[in-house]
Amino acid sequence: MIADSLVWATIGIIAVGTFAIRGSFIALFSLIDAVPRRVELLLGFVPAAVLAALAVPNIVVADGTLVALSEPRLIAGAIAGGTAVITDNMFTIIAVGMGVLWIVTAVA
Amino acid sequence: MVNSSRTTELRQGVRDVSPIIIGIVPFGLIAGAAGVEAGLSAAQTMGLSIFVFAGASQLAAIELFGQDAGIGLIAITALIINARMMMYSASLAPHVLEFRRRLKLLVTYVLTDQAYALSIARYEQAELGDGQKAWYYLGVALTLWVVWQVTTAIGIMIGAAVPPALQLEFAVPLVFLAILGKSINTTSRQVAAVVGAVVAVLWALLEMQYDLGLLLGGTAGVLAGAVWMLRGPGEQHR
């Protein structure tokens, strides 16, 4: 294990860097006091692109390979996705997804 | 009246984040337990949660501390994992531009995947004033912050006690999936989602050393969506 002071220094560097990342564009657009129109057009796609990139690999990839069609997480994710088409209720979607995950895991 | 609607948004934020909490609890416990197991002190492990407050990067840093990696490698790895939050910063910026400076600093410090995802979905769905936007965001983000600190501390003290068989962490991608369902309401946004997912999956399959899948997937998705909107069939651009 590296020395205590170096651990703290590393934590400090990560903390400052992460704060800078989090604040990057909030600070930049505050500085110029506006969000350029072209940029705003791009920003409209951030939620869709990011949410898909956040969720999908967690469902279809495990240990560096695509999961099998019988994989509980894939089945649960697909059924939860289908539920999301029918209802907006977050609790229902989560309950269905977790319920299917547990049932399929128990059966498999 | 204004105050009451702000309180309403605060409560709405807390309510909306509650399913995510289910998935965050085991994650926080692991962040605590893994830190002390890797040889960090309780204070250092807690320090990561308090000062960095970004789970995936904390776990990567802990893993590397345990392997006696150099501080440059540890810091760079953690920051690359966190680079995706630049996209959140940009996406939230139009909504927080008029906030007071101190509030902007607080918003910045507690920015996470989950706080971003829930807030941007809420802002797109409802017509909210600045105060309401701020309180909704804080309802989500500060709840996450408190849960993260408490579960890290518990993980340090008693280890990760949640049975892994429950797979509670799966609640987190489910929440993202649920919010995604609401946000892909145009063809070009669907294109953005598909491209974002495919690129992120490909990166995960390649098992690259650096966890850039989210940033690359997100960027590729955004560009694809924009190109589709400007050039593609069916949707006219303004």
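Are Arg122(B) and Glu9(B) buried or exposed? In this predicted model, Arg122(B) is buried, and Glu9(B) is buried as well. The two residues form a salt bridge in which the closest N and O atoms are 2.7 Å apart.

Over all chains, the structure holds four salt bridges. One of these involves another residue of helix α7 of chain B, Asp113(B). The side chain of Asp113(B) meets that of Arg84(B) in a salt bridge, at 2.8 Å from N to O. Arg84(B) is placed in the loop between α4 (71-82) and α5 of chain B, 29 residues from Asp113(B), and the pair again links distant parts of the chain. Asp113(B) and Arg84(B) are both buried.

A further salt bridge is found in chain A, between Arg73(A) and Glu71(A), where the closest N and O atoms are 3.6 Å apart. The two partners fall into separate classes of accessibility. Arg73(A) has a relative accessibility of 18%, so this residue counts as buried. Glu71(A) has a relative accessibility of 23% and therefore counts as partly exposed. The limit that decides both cases is 20% relative accessible area, under which a residue is called buried. Pro72(A) belongs to helix α4 of chain A, which is made up of residues 72-86. With a relative accessible area of 13%, Pro72(A) is buried. The C-alpha atom of Pro72(A) lies 8.1 Å from that of Ala108(A), although 36 residues separate Pro72(A) and Ala108(A) along the chain.

In one of them, the ring centres of Phe53(B) and Tyr109(B) are 6.2 Å apart and the ring planes meet at 45°, so the pair is tilted. Phe53(B) is in the loop between α2 (42-52) and α3 (55-66) of chain B, whereas Tyr109(B) is in helix α6, residues 101-109 of chain B. The contact therefore links distant parts of the chain, as the definition of helices places the two residues in separate elements, 56 residues apart. Phe53(B) counts as buried because its relative accessibility is 3%, while Tyr109(B), at 22%, counts as partly exposed.

A second aromatic pair is formed by Tyr88(B) and Tyr116(B), whose ring centres are 4.5 Å apart and whose planes are at 10°, so this pair is stacked. Tyr88(B) lies in helix α5 (residues 85-96) of chain B and Tyr116(B) in helix α7 (residues 113-125) of chain B. These two tyrosines are 28 residues apart and link distant parts of the chain. Tyr88(B) and Tyr116(B) are both buried. Another aromatic ring, that of Tyr123(B), has a charged residue over its face: Lys133(B), at 5.4 Å from the ring centre.

The backbone was also considered. Most residues other than glycine have a negative phi. Phe53(B), already described in the tilted pair, has a positive phi, near 50°. Gln167(B) is not a glycine either, and its phi is positive at about 50°. Gln167(B) is located in the loop between α8 (130-158) and α9 (171-183) of chain B, and is buried, with a relative accessible area of 16%. Helix α9 of chain B contains Phe176(B), which is buried with a relative accessible area of 3%. Between the C-alpha atoms of Phe176(B) and Gln114(B) the distance is 8.0 Å, and these residues are 62 residues apart along the chain.

Empty space in the structure was examined last. Rolling a probe the size of a water molecule over the atoms shows where such space is left. The largest pocket has a volume of about 1700 Å³. The pocket is lined by 47 residues, of which Asn58(A), Phe27(B), Ala56(B), Leu59(B) and Asp211(B) are the closest to its centre. By type, the lining of the largest pocket consists of 30 nonpolar, nine polar and eight charged residues.

Definitions and conventions: Residues numbered from 1 in each chain as written. Chains lettered and ligands numbered in written order. Predicted model: local features only at pLDDT ≥ 70, side-chain atom pairs only at ≥ 80, totals over all residues. Heavy atoms only, no water. Phe/Tyr/Trp six-rings, centres within 6.5 Å; stacked < 30°, edge-to-face > 60°. Helix = DSSP H or I, 4+ residues; strand = E, 2+ residues; numbered from the N terminus. Buried < 20%, exposed > 50% of the residue type's maximum accessible area, 1.4 Å probe, protein only. Lys NZ or Arg CZ within 6 Å of the ring centre and 35° of its normal. 1 Å grid on protein atoms, 1.4 Å probe; cavity = no way out; pocket = protein on both sides within 12 Å on 5 of 7 lines; lining within 4 Å. Points joined across faces, edges and corners; volume = space filled by probe spheres on them. Nonpolar A, V, L, I, M, F, W, Y, C, P; charged D, E, K, R; others polar.
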